[in-house]
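Have the chain open while you read.

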Amino acid sequence: MNHVVKAYECNWKGELSLSHVVGIMMLASRKQERGLAHPDLIYQKGLSWIVIQNQLTVNRLPKLEEEIIVETEPIGYNKFFTFRRYTILSQEEEVLVDALTTFSMINIKERKLISLDEEVLSEYPIENKKDNRRNPRVPKIDLDNASVQTYRVRLNDIDYNHHVNNAKYFDWVMDSLGMDFIKTHSLKSVLVKYDKEILPEATVKSFYEIRETGNGVQTLHQLESDDQKCCHLSLEWEVK
């Protein structure tokens, strides 16, 4: 999939925002799925895909009006999870962002995770049917030493699954770090684990902690709604 980076997709530095990086990844896989023999089968069965974890390596964020290439393919699955690779490239085929996303399946009416539906899976050309890889763990944040900001879920934050779109979480994370931090650091990697959906009209607390490391800076984040952990993240940064 080719895509030209729009102004509304960029941050104030003229770079594709992290939330739109993830959004464009999801768009690429949805466009690919429209080419399946029965692309609406999962929805006809009252089911939907849901993101469980994202791992991103960032070499460079795409820039305003840059034309990028987004490639994706499902690479394996097991009883409960399926794995999809994403690569964002420049027109010169420089790898800008590489990502691995873990999906599971949800019963939309019951709002519960289920084991993967074999009929739906049969639509996808996946050879590795026993992919039992273990996802890396997100380091724990020290809430006693963390800072916190509070946000209110807006109507436009809600997607077709009737919960906050997972890409929105990155906006809260970046906003909590502030302009001065973003100005002096370059994002190198992201690890995010989604624990619980955030529902309409919720109040969200965004906890964050900044740690110095031997290779740069690590920021740890935790999003909570109604005092329940919904998502935790680890971001690695390079000091400019």
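Predicted model: local features only at pLDDT ≥ 70, side-chain atom pairs only at ≥ 80, totals over all residues.

Residues are numbered from 1 along each chain as its sequence is written, and side-chain values use heavy atoms, with hydrogens and water left out.

An unreviewed UniProt entry lists residues 3-124 as "domain: Acyl-ACP thioesterase N-terminal hotdog"; such annotations may be inferred rather than shown by experiment. Over residues 3-124 the chain is 20% helix and 40% strand, with helices (H or I, at least four residues) and strands (E, at least two) taken as DSSP runs numbered from the N terminus.

Now for the pair itself. The axes (lines fitted to C-alpha atoms over the stretch in contact, with angles from 0 to 180 degrees between N-to-C directions) of α1 and α4 come within 7 Å and cross at roughly 165°. Angles over 145 degrees count as roughly antiparallel, and α1 and α4 are therefore roughly antiparallel to each other. Here is who touches whom, contact meaning heavy atoms within 4.5 Å:

| Helix | Residues in the contact |
|---|---|
| α1 (residues 18-33) | L18, S19 and V22 |
| α4 (residues 168-177) | F170, D171 and M174 |

As for α4, seven of its ten residues are buried (under 20% relative accessible area, 1.4 Å probe, protein chains only), among them F170 and W172. Just after α4, G178 takes a positive phi of about 90°.

Definitions and conventions. Parallel < 35°, antiparallel > 145°, perpendicular 65-115°, else oblique. Buried < 20%, exposed > 50% of the residue type's maximum accessible area, 1.4 Å probe, protein only.
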